[in-house]
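Please consult the sequence and structure shown below.

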Amino acid sequence: MFSPSSADLGQRGAAAMEADGGGISKSVAVAACTAMALFYVAILYSPTLILRLPPPTSFKSFMIRRFVCAAVSSVLSLVVSALILPWQAVVYPVTLTSLMYAGSLVLKSIALLASWKEQCNDGEGQPSNCTENVLQRFIGKVFSIASNVSAWRNYFVAPITEELVFRACMIPLLLCGGFKTYSVIFFCPIFFSLAHLNHFFEVFTQQNRSLLKASMVVGLQLAYTVIFGSYASFLFVRTGHLIAPLVAHVFCNFMGLPVLYSPRNGIVSFAFVAGMVGFLWLLFPATYPGLYNDSIENCRCWQRYCA
């Protein structure tokens, strides 16, 4: 990765503006950005004009209402971007990431099948209304997640904010600072892991663990965050879309640590090994920049800074 001059940057910036990036037209991109900008402002006034809520009684409640509206606007903008941008930016990263969890998915499928059989039989062992039972359980699970603050943190707040800060903000800074692409992929997760050091104090003080046990627990967490941070950075640089590491982040938070084996079922271990082989085999083909950006012009990274 070289450091281009200001003249080169200007020429490439003009070329970038002339090209249609990401497989969408200029009119669609401009219309989407305009709609997001208008919606960002309009939603701030929706509580009083549309929902007919009474005006806030204090400056604190006023600001809280503004924060909530801005958060809703930001989430919807991310969803719209994911729908407009190439579908590969969502489907391919999730599919690739799921290969690492092949063992976990097999184990969950076995447990789900056993639960489904239990739900579909009444007390005398006769089949009951299976569809209704499964549907009720699914709806109950959805409401349980929607009312759980921890679920909102793990599946929405943490992935969105962490990917915005540690990928969308830090990676361009490091690249423009002259770091090589793959140096950034392995260097940026260090900052990501530093942001999780607070877990050590929580484990050591609140859970009354010894210094050694707390270090081992947090050390495992930090190792996992470094590995995932490298993978997420790799997805961001290779695909050029923030939605790619974001959906992978949500999926990993939902699945937890991958299941390596099950003492009761050898197929889980086989699925894990097969999934990891498939993951390593498809890692570069499934993240080839040309799959996500139509106008990369033989450049190796989405910023169009050719090696």
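How many disulfides does the structure hold?

## Basis and cysteines

The model is predicted: local features need pLDDT of at least 70 and side-chain atom pairs count only at pLDDT 80 or more, while totals for chains, interfaces and linings use all residues. Residues are numbered from 1 along each chain as its sequence is written, and side-chain values use heavy atoms, with hydrogens and water left out.

The structure holds zero disulfides, a disulfide being a pair of cysteine sulfur atoms within 2.5 Å. C188 is buried at a relative accessible area of 0%, and C252 is buried at 4%; buried denotes under 20% relative accessible area (1.4 Å probe, protein chains only).

## Nonpolar cores

A nonpolar core is a set of buried Ala, Val, Leu, Ile, Met, Phe, Trp, Tyr and Cys residues joined through side-chain atoms within 4.5 Å. The largest comprises 27 residues, with I171 and Y231 making the most contacts inside it. Helices (DSSP runs of H or I, at least four residues, numbered from the N terminus) that each supply at least two residues of this core include α5 (88-100) and α8 (149-176). The greatest contribution, seven residues, comes from α11.

Y231 touches P93, L96, T97, M100, A248, F279 and L283, not counting residues up to four places away in sequence; contact means heavy atoms within 4.5 Å.

## Helices α5 and α13

The axes of α5 and α13 (residues 266-282) come within 6 Å and cross at roughly 140°. In α5, L96, L99 and M100 meet F272, G275, M276, G278, F279 and L282 of α13.

Definitions and conventions: Buried < 20%, exposed > 50% of the residue type's maximum accessible area, 1.4 Å probe, protein only. Axes fitted to C-alpha atoms, helices over the stretch in contact; angles between N-to-C directions.
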